[in-house]
Amino acid sequence: MNAIQLPQGAIYLPDFVTAAEERELVGTLDTGEWNTEMKRRVQHFGWRYDYRARAVTADAFLGTLPDWLSPVCARLKTGTAFGRHPDQMIANEYLPGQGISAHVDCVPCFADRIASLSLLSACEMRFRHRENGEKHALILEPRALLILTGAARYDWTHEIPARATDIVDSKRLPRGRRVSMTFRNVRRGG
Ligand SMILES: O=C(O)CCC(=O)C(=O)O
């Protein structure tokens, strides 16, 4: 098999959480209130991100991240290139057929490192260089962490195609319900 090619500054860490932790994280999210205003359901923690304005305003503070996120936050800080305690997290739920369009995470809103934890089901993430159009694709496996820094954070868009199956090792892999938790730090005064 060919080595996976990733944009410079993208770091992929399989098995960042255990299956038991995965169940617990999703179970806790499911006791919370999923917001249904968009095509996919979301929950915001720490700070509310305004998708329409592409902004995190000063009045969007929701409180510090809840205690149940502490073990994951501690691991992000000491065990990964994320290297700090996040203060914002958005949980996204993708049912088969749902995705997220190509984007770069809001630059004035969020600091230079983004970490996304994949839970429950795999899906393909696509990257496209904003200047030269170069492309890469990566299967995000359940329980894996993807960190975007440097060029991967700023010079490449990332996207999850809205479809119900992915091709993995030449085989069709049906998607199930996928939940992701994306950790960030809000830029103060941004
Ligand atoms: O679901 C994911 O893994 C990525 C989420 C994402 O790109 C975002 O919330 O901006």
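Residues are numbered from 1 along each chain as its sequence is written. Keep in mind that this is a predicted model: local features need pLDDT of at least 70, side-chain atom pairs count only at pLDDT 80 or more, and totals for chains, interfaces and linings use all residues.

Next, select Met-89, Ala-115 and Leu-117. Of the 36 residues in the largest nonpolar core, these touch the most other members. Such a core is a set of buried Ala, Val, Leu, Ile, Met, Phe, Trp, Tyr and Cys residues joined through C-beta atoms within 7 Å; buried means 20 or more other C-beta atoms within 10 Å of a residue's own, exposed means 12 or fewer, and partly exposed is in between, with C-beta atoms placed from the backbone. Elements giving two or more residues to this core include α2 (70-79), β6 (123-129) and β8.

Stay on Met-89 and show its partners. Leaving out residues up to four places away in sequence, Met-89 touches Phe-45, Gly-46, Leu-65, Leu-69, Met-181, Thr-182 and Phe-183 (contact: C-beta atoms, placed from the backbone, within 7 Å).

Now go to the ligand. Which residues are around it? Select Ile-90, Asn-92, Ile-100, Asp-105, Ser-116, Ser-118, Leu-140, His-158, Ile-160, Ser-180 and Thr-182, where near means a C-beta atom, placed from the backbone, within 6 Å. Two or more of the shell residues come from each of β3 (88-94), β5 (114-119), β9 (156-160) and β12 (178-184).

Two loop stops remain. Asp-15 sits between β1 (10-13) and α1 (19-31); its phi is near 50 degrees, a positive value in a residue other than glycine. Is Asp-15 buried or exposed? Asp-15 counts as exposed because it has 11 C-beta neighbours inside 10 Å.

Finish at Arg-143, in the loop between β7 (135-140) and β8 (145-148). Arg-143 is another non-glycine residue with positive phi, near 80 degrees. With 19 other C-beta atoms within 10 Å, Arg-143 is partly exposed.

Conventions:
Helices (H or I, at least four residues) and strands (E, at least two) are DSSP runs, numbered from the N terminus. Two residues are in contact if their C-beta atoms, placed from the backbone, lie within 7 Å.
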